[in-house]
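Hi everyone, thanks for coming.

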Amino acid sequence: MKRFDPECTEFFLGGTTPNLPSILVGGTVQDQNRYKPICQLFKYMKKKVVYNAYMFATLYDTFNRIPVFSAYTFTGVGSSGKRPDTWMIEPQLDGGEEPVMSLETQGVIYTHQAVNQDYDEYGQNKNLSKGHMFPKSFAHQPVNQSSTFTLTNSVPQVKTFNVGSWRKMECDVRKIILKQCLDNTGKPKAYVVTGAVPSDNNNTLNNRVNIPDLLWTAYCCYNNKKKEWMAEAHWGENQEEPNEKLLNSHTLAELYDMLKHHYPGGDVQVFPDQCPRGSSQKERGKSREREVGSGDVSRKGLLECDEDCKCVSL
């Protein structure tokens, strides 16, 4: 498939996909044997009726067996659903006809994607966990939350990084979006893209799944109160870290400059031009302080948050 299915356009601001040189340029996948655009379709039952719904979009690297990125919309938070015991896979990557995420089929060998065994049997030895691209805490309802538990939305993430600075950042960003990214009806709405930069030193899980060097994320939204677009980015190295570590916020311009080092040969762009590429550090600091709080213990590294952003002091 050359491009994302039109069913996925709602997860990209203005229907515009990110631009990553040699991977996805002008909405077209460059190496179509390796990179697969997935409209993440989830089957669920409500009042004894079966539904299929598109939940988010992923560009998947079948060589490294991790996503390049997942793109999704943040539309608020609701009640928290039960965490699934087993993560799903994408049958269409290995010859399946239905483009619907599902549990692994016994006896089927999945050569183009990660499977639960990769993580469950080999991740413990390397202190690695299944790290969401589209996090459960950003999904609105239990059915949306369940759809995030697919391995095409996951990378091997160092546990202390996953539950440490990365999760604290996610919870801080969630607070900001809930307060600043409100549409004209007063409801939150933001576009988010989260990606992983693969390692190039043969660092793998079970000799199959690439362990990325770095994770990055960015959001863009319209602040109806200020009548202006706003955006922010974060990234962090996928490595062991002390509890006190925090991730700094960055402009989109800074994110694009960083990603150019990993994706050379052209322009990097995650969002369309209406999303501001830059703002002063002082302005971003004031904005975050208003919404997250200057005295928030998460900014001092003294807060531990679960995947639903329920946080307690350490």
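Let's start with Cys8, which counts as buried at 1% relative accessibility. When I say buried, I mean under 20% relative accessible area; exposed is over 50%, and partly exposed is in between, with a 1.4 Å probe and protein chains only.

Before I go on, a word on where this comes from. It's a predicted model, so local features need pLDDT of at least 70 and side-chain atom pairs count only at pLDDT 80 or more, while totals for chains, interfaces and linings use all residues. Residues are numbered from 1 along each chain as its sequence is written, and side-chain values use heavy atoms, with hydrogens and water left out.

So what does Cys8 pair with? It forms a disulfide with Cys39, and the sulfur atoms sit 1.9 Å apart. Cys8 is in the segment before β1 (24-25) and Cys39 is in strand β3 (residues 35-46), so this pair ties together parts that are 31 residues apart in sequence. Cys39 is buried too, at 10% relative accessibility. By disulfide I mean a pair of cysteine sulfur atoms within 2.5 Å, and by that rule the count comes to four. Helices (H or I, at least four residues) and strands (E, at least two) are DSSP runs, numbered from the N terminus.

Next up, Cys171 and Cys309, with their sulfurs 2.2 Å apart. This one links distant parts of the chain: Cys171 is in helix α3 (residues 159-180), Cys309 is in the loop between β13 (303-305) and β14 (311-313), and they're 138 residues apart. The torsion about the S-S bond is about -95°, so this disulfide is left-handed. Cys171 is buried at 5%, and Cys309 is buried at 14%.

Then there's Cys181 with Cys221, S to S 2.0 Å. Cys181 lies in the loop between α3 and β8 (190-197) and Cys221 in strand β11 (residues 214-223), so parts 40 residues apart in sequence get tied together. With -60° about the S-S bond, this link is left-handed. Is Cys181 buried or exposed? Buried, at 0% relative accessibility, and Cys221 is buried at 1%.

Ser22, in the segment before β1, has a phi near 70°, which is positive in a residue other than glycine. Ser22 is exposed, at 55%. Lys48 has a positive phi as well, near 65°. Lys48 is in the loop between β3 and β4 (49-61), and is exposed at 78%.
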